[in-house]
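Me: Could you go through this model with me? I'd like to start with the helices and then jump around a bit.

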Amino acid sequence: MRPLAAFLRTLREDLEAAHRHDPAARSLLEVALGYPGVHAIWVYRLAHHMWQVPPLRLAARLVSQLARAATGVEIHPGARLGRRLFIDHGMGVVVGETAEVGDDVVLFHGATLGGRSMRRGKRHPTLGDRVVVGAGAKILGPVWVGNDAQVGANAVVIADVPAGAVAVGVPAKIRTRPVEAPFDAEVDDPAIYI
């Protein structure tokens, strides 16, 4: 697939992810025109492409700062974001330079993928696929959040979260459920935690 066609396909996937995850979204056009989280992701994708070319790194940072001013979402162009990311509401979301985010992840407003150290190197979290991060949650340091995990609203995660687990509280405590357990609204519905 040609680079432009692949880029446009990725942008459409971002639109469809927002439309799928947000019950308030009425149409893809509404999402394209009125969702700052989607706009921030789109600008990130351009800035990240620029970041790969060392002479363009300053320009990439400036582009990302313009997106921050316009959307309230700060995504460092060096971060690695997967496909179909949805940032709901967006305002206050911060994604640090060495953060890595898997596919089909949902970040709610005020979520931070931040660092705990001023040293160079990997200092931001890695999120697996299908992770949900609640409003105001802070995931700090080079921790790993496994596939299908949920981080509750305002939780502060400073240690790894196993796949399929729920992390809630300050500091976050891990709640797990058996893989074969039936749906339990008290544990399984992310709306309870976000």
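Reply: What follows is a short exchange about helix packing, cores and a few backbone details.

Me: Before that, what kind of model is it?
Reply: This is a predicted model, in which local features need pLDDT of at least 70 and side-chain atom pairs count only at pLDDT 80 or more, while totals for chains, interfaces and linings use all residues. Residues are numbered from 1 along each chain as its sequence is written, and side-chain values use heavy atoms, with hydrogens and water left out.

Me: ok, at what angle do helix 3 and helix 4 cross?
Reply: The axes of helix 3 (residues 36–51) and helix 4 (residues 57–71) cross at roughly 175° and come within 8 Å. Helices here are DSSP runs of H or I with at least four residues, strands are runs of E with at least two, and both are numbered from the N terminus. Axes are lines fitted to C-alpha atoms, for helices over the stretch in contact, with angles running from 0 to 180 degrees between N-to-C directions.

Me: So are they roughly parallel or antiparallel?
Reply: Helix 3 and helix 4 are roughly antiparallel to each other, because angles over 145 degrees count that way, whereas those under 35 count as roughly parallel, 65 to 115 as roughly perpendicular and the rest as oblique.

Me: Which residues make the contact?
Reply: On helix 3 they include Pro36, Val43 and Trp51, and on helix 4 they include Arg57, Val63 and Thr71, where contact means heavy atoms within 4.5 Å. The residues of this contact divide into ten nonpolar, two polar and two charged; Ala, Val, Leu, Ile, Met, Phe, Trp, Tyr, Cys and Pro count as nonpolar, Asp, Glu, Lys and Arg as charged, and the others, Gly among them, as polar.

Me: What's buried in helix 3?
Reply: Among the buried residues of helix 3 are Gly37, Ile41, Tyr44 and Met50, with buried meaning under 20% relative accessible area, exposed over 50% and partly exposed in between, for a 1.4 Å probe and protein chains only. The buried residues of helix 3 pack against partners including helix 1 (3–21), helix 2 (28–34) and strand 3 (86–88).

Me: And the cores, how many residues has the largest one?
Reply: The largest nonpolar core has 31 residues, and those with the most contacts inside it include Ile75, Leu107 and Ile139. Its largest share, three residues, comes from helix 3. Such a core is a set of buried Ala, Val, Leu, Ile, Met, Phe, Trp, Tyr and Cys residues joined through side-chain atoms within 4.5 Å. Another core, of twelve residues, lies apart from it, with Leu15 and Val132 among its members.

Me: Switching topic, which peptide bond is cis?
Reply: The bond from Val170 to Pro171 is cis, with omega near -15°, and Pro171 lies in the loop between strand 14 (166–168) and strand 15 (173–175).

Me: Where is His89, and is it buried or exposed?
Reply: His89 is found in the loop between strand 3 and strand 4 (94–95), and it counts as exposed because its relative accessibility is 55%. Phi of His89 is near 65°, a positive value in a residue other than glycine.

Me: Last one, what does Gly82 touch?
Reply: Leaving aside neighbours within four places in sequence, Gly82 is in contact with Arg45, Val101, Gly102 and Asp103. Gly82 lies in the loop between strand 2 and strand 3 and, at 10% relative accessibility, counts as buried.
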